[in-house]
Amino acid sequence: MKSMKHPLIACLSLLLSAAAGAQPRAAPSAPTPINLPAADALSGALGGRSAGGSDCLIEPSVLVNVGSPVDGVLKAVNADRGDSVSKGQLLAQLQSGVEAAAVSLSQARIEFGKRKTERNEALFLKQLISAQEKDEMETETRIHEEELKRDEENLKLRSIVSPINGVVVERKLVAGDLIRAEKSVVFKLAQLDPLNVEVVVPAEQFGSIRVGMMGRVSLALGGGTQPARVVVVDRLIDAASGTFGVRLQLPNPGYRIPAGSRCSVRFKA
């Protein structure tokens, strides 16, 4: 006959087995710290601002491609890359023998017409020629004078002059090259005094920046700061970036500040 365990002993055995099989729970770990970006770094990422103010770019106030309005062949090129040029300076010249001959011919016709008119003045006073004949001679002389002006303008078109005070950024053709009026560019010129300071600012500043107010431009190259005046404030806000553009004008005598460099600007009320 099988022996039976006492119910109390069986209950104790079950409790001891459960205690032996239980594992201790690990203490909860501390939460991993989250590094948040600094406030100024976040502001710079969103608003395009640096520690010294709004980021900006220095550009030439004028960039111009210089060529000729007429077809021809370059006879001489008098400027090269890096040269300083002044407004009205002769930069290059096309072959112009035909145009120069036309000017000389018109001058000769005018001189002849004036001598003819002087000789016939006495004949008119003696009534040996009619008033109509005298008027025809004088009109013919005036026509030749207008033809001379036309020929002189055609001759001027054979000369390429600088339209600005600035520097030669690039020379694209040399003496002997053929020029096509509709597409040929001989020089690329830049006006570096004054310079344009282009800056993009957050839309929140719209209305606080006005034309005529001053700004302090901190230069990336050469260091130091320079005063500049606001000349353009865009009236259109870019919806994608939430910004608008501002242009300042920066004096640059002696071309001390290089165009194309980066900068930062602070606006003064």
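Hi everyone, let's start with strand β3, residues 72-77, which pairs with strand β5, residues 90-94, in the antiparallel sense over 3 bridges. Two strands count as paired if DSSP finds at least two bridges between them. Helices and strands here are DSSP runs numbered from the N terminus, with at least four residues of H or I for a helix and at least two of E for a strand.

Before going on, a word on where this comes from: it is a predicted model, where local features need pLDDT of at least 70, side-chain atom pairs count only at pLDDT 80 or more, and totals for chains, interfaces and linings use all residues. Residues are numbered from 1 along each chain as its sequence is written, and side-chain values use heavy atoms, with hydrogens and water left out.

Back to the strands. A76 has Q93 of β5 as its bridge partner. β5 also pairs with strand β6, residues 159-161, in the antiparallel sense over 3 bridges. There, Q93 stands opposite S159.

Now for helix α3. What should 29 residues span, and what do we get? At 1.5 Å a residue, α3 (residues 97-125) should span 42 Å, and its end C-alpha atoms are 43 Å apart, which agrees. The expected span is 1.5 Å times one less than the number of residues. α3 has a kink of about 25°, centred on R119; the bend at a residue is the angle between axes fitted to the seven residues ending there and the seven starting there.

Which residues of α3 are buried? They are E99, V103, S106, I110, G113, T117 and N120. Buried means under 20% relative accessible area, exposed over 50%, and partly exposed in between, using a 1.4 Å probe and protein chains only. Helix α4 (131-156) is among the things that cover these residues. Just after α3, Q127 takes a positive phi of about 60°.

Over to strand β9, residues 187-202, where we find Q191. Q191 counts as buried because its relative accessibility is 18%. Leaving aside residues up to four places away in sequence, Q191 touches P60, S61, V62, I164, N165 and G166, where contact means heavy atoms within 4.5 Å.

Last stop: how many disulfides does the whole structure hold? The search finds 1, taking a disulfide as a pair of cysteine sulfur atoms within 2.5 Å. C56 and C263 form it, with their sulfur atoms 2.0 Å apart. C56 lies in strand β2 (residues 53-66) and C263 in strand β13 (residues 262-267), so the pair ties together parts 207 residues apart in sequence. Both C56 and C263 are buried.
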